[in-house]
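Here are a few exercises to work through with the model open beside you. Try each task before reading its solution.

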Amino acid sequence: MSLRHPIASFVDRAVAWRSKRHFPQYLAEFRAMERWDPERLQAWRFKRMQALIEHAYKTVPYWTEQLDRLSAKPGDFAAPEHVRLLPA
């Protein structure tokens with residue numbers, strides 16, 4: 001019997017439908033991540049957050065303005081505690 005949440009199964013199916021080619025790879029990666037220790041998971045999350053900040057700065061005028069107003073660049077967020085400085 002699966003202990004997964006029903007919404008997770010729905011999301012799995014939705015992702016599979018949208019990206020049939022990559023889904024098995026993503027699923028394997030995320031299932032492996034379930035066994036990561038908290039420090040490794042936190043480091044991965046922060047790396048993804050940095051990529052998101054970089055992408056938002058380059059593509060979303062609102063975030064470009066917000067960071068420019070703070071005289072900040074995406075690379076300035078080098079530690080998790082720095083992310084707290086982002087305007088919410």
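This is a predicted model: local features need pLDDT of at least 70, side-chain atom pairs count only at pLDDT 80 or more; totals for chains, interfaces and linings use all residues.

**Exercise 1.** Which residues of helix 3 are buried?

Residues are numbered from 1 along each chain as its sequence is written, and side-chain values use heavy atoms, leaving out hydrogens and water.

*Solution.* 
- Step 1: take buried as under 20% relative accessible area, exposed as over 50% and partly exposed as in between (1.4 Å probe, protein chains only).
- Step 2: the buried residues of helix 3 are F46, I53, A56 and Y57.
- Step 3: seen down the axis, the buried residues of helix 3 fall within an arc of 95° (from directions between the helix axis and the C-beta atoms), so they line one face of the helix.
- Step 4: on the other side of helix 3, K47, R48, L52 and K58 are exposed.

**Exercise 2.** Find which residue E54 forms a salt bridge with.

*Solution.* 
- Step 1: look for a side-chain nitrogen of Lys or Arg within 4 Å of a carboxyl oxygen of Asp or Glu, the salt-bridge criterion.
- Step 2: E54 pairs with K58, the closest N and O atoms being 3.4 Å apart.
- Step 3: E54 and K58 are 4 residues apart in helix 3, so about one helical turn separates them.
- Step 4: E54 is partly exposed at 32% relative accessibility, while K58 is exposed at 61%.

How values were computed
Helices (H or I, at least four residues) and strands (E, at least two) are DSSP runs, numbered from the N terminus.
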